[in-house]
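Here is a friendly walk through a two-chain model, from the overall make-up of each chain down to single residues. Keep the viewer open as you read.

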Amino acid sequence: MDTIVKSVSRILFPLMLVTGLYLVFHAHLSPGGAFPGGAMIATAFGMLVISYTEQDVEHRLTRSELIDIKSVAGIILVILIIRMGYMMREWFLSSQTLFSLWSGGFTPLTNIAGSLMIVTALIMVIYSMVRG
Amino acid sequence: MKAAKIAIAVAFTALLVMPLSGIEFGVWADRDTAEYYIRNAPGDTGSASVVNAILWDYRGFDTMGEEMVLFTAAMGVFLIMRRMHYGYYRKERE
């Protein structure tokens, strides 16, 4: 790609990452959530794939690493929602204050795990569509 | 032929929309579930955002199934694209 596109995408990439992480981590306080935040983080990586080559991005974040992150996030999601969420509900709620960052029961943790699932799924789709 | 297809499409759409037009929106007597969520979501789940409380707490299992759907879709794209890729290279080599 062009030098202008490369430079602008290099500048925009951390900003998109920060915005996506903000959407994920503040999902229980403000509009946002795991789905839009994860889609925004995956879009940042997709922008890098388009402006640079797919090999450059995959050199830093390989497919096997993506699958590892995805499995760990899925297991955490299942354990958090099925087991810990309902067992430790009172402990979560008693240690938290409303409208602070550490609030929302176990939903911040499930937000993070779910956003990891979405990020890895979308980046894998982008990788496999660009190069087999 | 094209006019007949358009007529069938319009008739089918009307058939779908007609029962929906009878529903009244904004009637407070029918809003028990919404009322409960709005009043009790911050106290029940500790989450200030009601949407997040519904999505990840009240209906957590539903969202988990959604994640599994997304995972299956990503795996399907991955496998289809890989097969197409290998088929392409095999044809080129022959």
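## Chain A at a glance

Of the 132 residues in chain A, 45% count as buried, where buried means under 20% relative accessible area, exposed means over 50% and partly exposed lies in between (1.4 Å probe, protein chains only). Please keep in mind that this is a predicted model, in which local features need pLDDT of at least 70, side-chain atom pairs count only at pLDDT 80 or more, and totals for chains, interfaces and linings use all residues. Residues are numbered from 1 along each chain as its sequence is written, chains are lettered from A and ligands numbered from 1 in the order in which they are written, and side-chain values use heavy atoms, with hydrogens and water left out.

Chain A has six helices and zero strands, so its pattern along the sequence reads α-α-α-α-α-α, given that helices (H or I, at least four residues) and strands (E, at least two) are DSSP runs numbered from the N terminus. Along the principal axes, its C-alpha atoms fill a box of roughly 55 × 30 × 20 Å. The accessible surface comes to about 6800 Å², with 73% of it belonging to carbon and sulfur atoms; such areas come from the Shrake-Rupley method with a 1.4 Å probe, and for residues only the protein chains shown count as cover. Among the chain A contacts between residues at least 6 apart in sequence, 74% join residues at least 24 apart, a contact being heavy atoms within 4.5 Å.

## Chain B at a glance

Chain B has four helices and zero strands, running α-α-α-α from the N terminus on. Of its 94 residues, 17% count as buried. Chain B exposes about 7300 Å², and carbon and sulfur atoms supply 67% of that area.

L16(B) sits in helix 1 (residues 2-21) of chain B and is exposed at 53% relative accessibility; its C-alpha atom is 35 Å from that of N40(B), 24 residues apart along the chain. R83(B) belongs to helix 4 (residues 60-93) of chain B and is exposed at 69% relative accessibility. From R83(B) to M64(B) the C-alpha separation is 29 Å, for 19 residues in sequence.

## The nonpolar cores

In soluble globular proteins, nonpolar side chains tend to be buried together. Here the largest nonpolar core has 17 residues, and those with the most contacts inside it are F13(A), F45(A), V57(A), L61(A), L66(A), I123(A) and Y127(A). A core of this kind is a set of buried Ala, Val, Leu, Ile, Met, Phe, Trp, Tyr and Cys residues joined through side-chain atoms within 4.5 Å. Helix 1 (3-25), helix 2 (34-51) and helix 6 (107-130) of chain A are the elements that give two or more residues to this core, and helix 2 supplies the largest share, seven residues.

Leaving aside neighbours within four places in sequence, F45(A) is in contact with F13(A), L17(A), V57(A), L61(A) and I123(A). A second, separate core of six residues includes A34(A), L77(A), A113(A) and W56(B).

## Where helix meets helix

How do helix 6 of chain A and helix 3 of chain B pack, and at what angle? Helix 6 of chain A and helix 3 (residues 50-58) of chain B pack at about 80 degrees, with axes 10 Å apart; the axes are lines fitted to C-alpha atoms, for helices over the stretch in contact, and angles run from 0 to 180 degrees between N-to-C directions. That makes the two helices roughly perpendicular, a label for 65 to 115 degrees, with under 35 counted as roughly parallel, over 145 as roughly antiparallel and the rest as oblique.

On the chain A side, T107(A), T110(A), N111(A) and G114(A) meet N52(B), W56(B) and D57(B) of chain B. D57(B), in helix 3 of chain B, is buried with a relative accessible area of 3%.

E54(A) lies in helix 3 (residues 54-60) of chain A and counts as buried at 3% relative accessibility. Beyond residues up to four places away in sequence, E54(A) touches V49(A), R63(A), Y127(A), V130(A) and R131(A).

F99(A) is found in the loop between helix 5 (89-94) and helix 6 of chain A, and is exposed with a relative accessible area of 64%. Its phi is near 70 degrees, a positive value in a residue other than glycine.
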